[in-house]
Amino acid sequence: MTREELHGDVRLDPAWPSILFERDEDADRSVNPARPTHFEDLHLDQVIGTIVASRPEHHLEPFFETPLRYTAGIAYRQAVFRDCENPVVRQALDTWSAHMRAVRGRLEDVRALPYRYEQDAWFLDAVSLYGEAVTALRAALDGAPIRSDGLVGFARALGRYADSSRFRLLREEAQTVRAALATIRYSLTIKGLKLTVRPFEDRPDYTAAVAATFSKFRQEDQNSYLVRFADARTMNRVEAEVVALVAKLFPDVFGRLTAFSDRHRDFLDPGVTRFDREIQFYLAYLDYRDRIRHGGLPFCYPELVAGESRVDVRRTFDLALAEKRMSETADPAPVVPNDFRLTPLEQIAIITGPNQGGKTTLARAIGQVFYLASLGCPVPGESAVIPAIDGVFTHFERAESAGSGRGQLKDDLIRLRSILDHATASSVVILNEVFTSTTFDDALYLSSEMLMRLQGLGALVVLVTFLVELQAGDPKRASFVALVDPHDPTRRTYRIIRNPGDGLSYAATLAERHRLTYPQLRERLTP
Amino acid sequence: MNVHLLFPDRDFTVDPSPAQRGRDVMDDLGLHKLLQAMAGGNPLLYEVARAVLLSDGPDIAVIRYRQAVLEDALQNPECLRTMFQIAERALVGERHWLFGSFWSQRPSALLHRGIDVMEAFARELMRLKATVDESRHAFRSEGLRTLAAVLDDELSPAFFEHVREHLRLLQFTEGTTVSARLGPGMRPTEFVLRRPAKSRRSWRGLRSSRGPAFTFTINERDESGAQAVAGLYNRGINQVADVLTQATDHVKSFFTRLERELGFYVACLNLCEHLQTAGTVWTLPTPLDHPQSDWRAEGLYDPVLTLAGRGPVVDNDFQMDGHDVLVITGANQGGKSTFLRSIGLAQLMMQAGMVVCARRYEGPAFPRLFTHFRREEDAALERGKLDEELARMSQIVDHLQPGSMVLFNEAFASTNEREGAEVALQILTALVESGIRVLVVTHLYALTRRLQGVPNLHPLFLRAERTEDGRRTFKILPGAPLSTSFGPDLFREVFYQEPRS
């Protein structure tokens, strides 16, 4: 076998670019993106923060901070997501991720540990695990019902890589050395501070003998008194000494191990490791979604309609709020989902209603749907038909800056001006309680002006306001209102809708409440 | 190794936290006094007796099984008490070795403890065997004969010899030898302890046949090195320390079961001694196969009153004659509650396999017994009281099984008579029609009158006797309810009689 064949450059196909990006251009933008300015307003900082925190080693933030500009790119990801939803595929990818995490862990050990034999052992382990990971994923994808361009393309490239002689020889060699090490048995005698290592000799298992004597007393439930020894990963000096003696008993096997780790330092394929990182985008998001969905809340794949402003989102909700509720209590109060619909004619949604009625939450939820859709992700809600957009702009009243006076008002106006400058007819603009720092007349005037301009621009607008006057008769404006309980006006329902404009004795009653009347009891006591 | 003195086929387990039902039965029947007499100052006996008495009623075969063991115990009280003391002593000795983080983190310490505890256990097992051997010819019951046979089979001289040898070898005077492999990261792993050599001589003999050996020794002043050696040693004996400690657990469990199950019979012996001292009779009752069979008692009395030392107590007879409902009415302070309690206690005691406080007792076995007694303590909260009574009733219903028995004492009297009677009538009718046995003490005349009108109910009415001159005899006799209770009598007695000097 020539050196070429052993170390030839058969790598994962470089023509196959990425599981995340249909175009290189988007991939380039994701290298060091600026975090979108609406992240805090929409609480996406919390949502994304939670998602990426599940896999800190992969640094997924840039992927979540780079919205896609082409519906083809979104469709590419949605297709991969749908493939990942298949339990077989998901399981395969989760297993893969766990394998690769283990590989990285082993390689860190190799760098950190002091004794040569244990470094070599962990290195061999890393190579074997990597080999298993690639082979297992390849086998799983071969039989799996995948349809997306992304995963189908990757599976093909991975297949070629796994079949290459370079990869196969690496595996085989690792296998041989492992097998040789696994056969090694030896005998260790400890007497005081003296340790003796000998070849294995088969004397009776004494623990079994003791157990047999007392087996007559054996009970089904029993405590374990096995002591779990802490930190089983690293070797101490005495163990290193013992292993060195074992190496003297088996010089041939240990020699092969050392040669192996010297020869294969760079066994990791860059294409494979790139896939490993990028696929985490999907897995992290799906894990997060599953947790929320487990609480009974729906998710869906948004349907993006280009060139039309129809919006029809059913049963959507604020992800950050749902997550917060679920993480705070074991049995969280349900988040109330809401519908949000605009006809193609309607361009501006005006949400009014009592304080704490869920207005801001809905506005946030709408913003999240648009943004997450632009990442190619499933979105909160039962179904979602939305226009394809080029960006989300927000201006939310901030509690910490809710001062009053000219300074605040001026800041507000500057920010709104900036939005007007950057937004287009294909943008979504979400404004929440702007102009609260000024007088009622001023607020009404300024808001009307803003709305006129945004209307002229053609952007899709969601406006949360206490100014009901803004709703007045314009066919382009749709008004929504947060509902209160008709029987108890102090109770919030968190539902937001399109604005449409006895004769028993005391004792018997009590008995009935305790389910102790004759018919109730007969029913309770019937087996 | 099974004890099985309470059930022919399983261990008896003590539920440490009695359910609400258990607490109610305890309070309502005055079980505490009975248990104190049975315990004779030993809290364990109190707990065991309580647990047995409050368990669901076993089937009749089990009752007879226990009665046979109890008869053996009554014939050989000293043997049973000695066996119990051996179990007690073994367990007290073990308790000196408290488990703490110290033991559970070091196999060497566990092993050390295991050797000491097992030595003591082996001693007590030998004593137990000797004690049983002395009296086994006198045992007639299946329970004790089986236990004697089990001890015979399992605790052979060979077993004790094996134990002695293990406890010696586990000292590892010639070093500890394990076999091992190379584990993850090359660490020594899969330690299997190999049988230690018996003496220096045989050790030498073996070594010569072993091929190459490499040795190194840690310097005595090298503390971390010595610790690492100890770590290897501890990993080597981890499993045997675990196995030995589990074995001590299991032997301990045997002694615990023995102590607990013998404890029940020792408690019965204690009770019989108390009753003997008080000069009252007791009998081994006859459990009846069929629930409709004749349920009867002669000379039934309340042991709680006897044990309280209130002098001679009135006893009563009764016979159910196939009735499903027993309704007891009559004068206040006329012995109704005492009578109801004595039936409840007799049933519980019979079902536990104990003696019963009567001259003669035959009764059916119920799966569960419930009590619903009027609570006096919270009389201040009149409005909440009916609510509380109903809540308690509802909890009982949750746990009822067909064939259960419920004792009602002045239930649902915390509202006016008409309403109380209405509620009670519906409940009683529904219970009886669902196959529940019901015993009722009530002064709700409206209830008793309406109970007579319910088709297919056929209550048996008993009445607390009152003589012509208004005196109470505390006798409960067959008799239909009278329209008035005897409150006025009591009132008169308290307010108009001359105080005795």
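## Ground rules

This is a predicted model, in which local features need pLDDT of at least 70, side-chain atom pairs count only at pLDDT 80 or more, and totals for chains, interfaces and linings use all residues. Residues are numbered from 1 along each chain as its sequence is written, chains are lettered from A and ligands numbered from 1 in the order in which they are written, and side-chain values use heavy atoms, with hydrogens and water left out.

## The sheet

Chain A has an open sheet of four strands, running S4-S9-S5-S6 with mixed pairing. Strands here are DSSP E runs of at least two residues, helices are H or I runs of at least four, and both are numbered from the N terminus; pairing takes at least two DSSP bridges between two strands. S4 (303-305) and S6 (338-342) of chain A sit at the edges, each pairing on one side only. From one strand to the next, the twist averages 20° (axes are lines fitted to C-alpha atoms, for helices over the stretch in contact, with angles from 0 to 180 degrees between N-to-C directions).

S4(A) runs parallel to S9(A) (residues 383-387), with three bridges between them. A:Glu303 has A:Val385 in S9(A) as its bridge partner. Helix H15 (residues 359-375) of chain A packs on the sheet and touches S4, S5 (311-316), S6 and S9 of chain A, where contact means heavy atoms within 4.5 Å. The directions of H15(A) and S5(A) make about 115°.

## A:Glu346

A:Glu346 counts as buried because its relative accessibility is 9% (buried is under 20% relative accessible area, exposed over 50%, partly exposed in between, with a 1.4 Å probe and protein chains only). Leaving aside neighbours within four places in sequence, the contacts of A:Glu346 include A:Ser309, A:Arg341 and A:Arg498.
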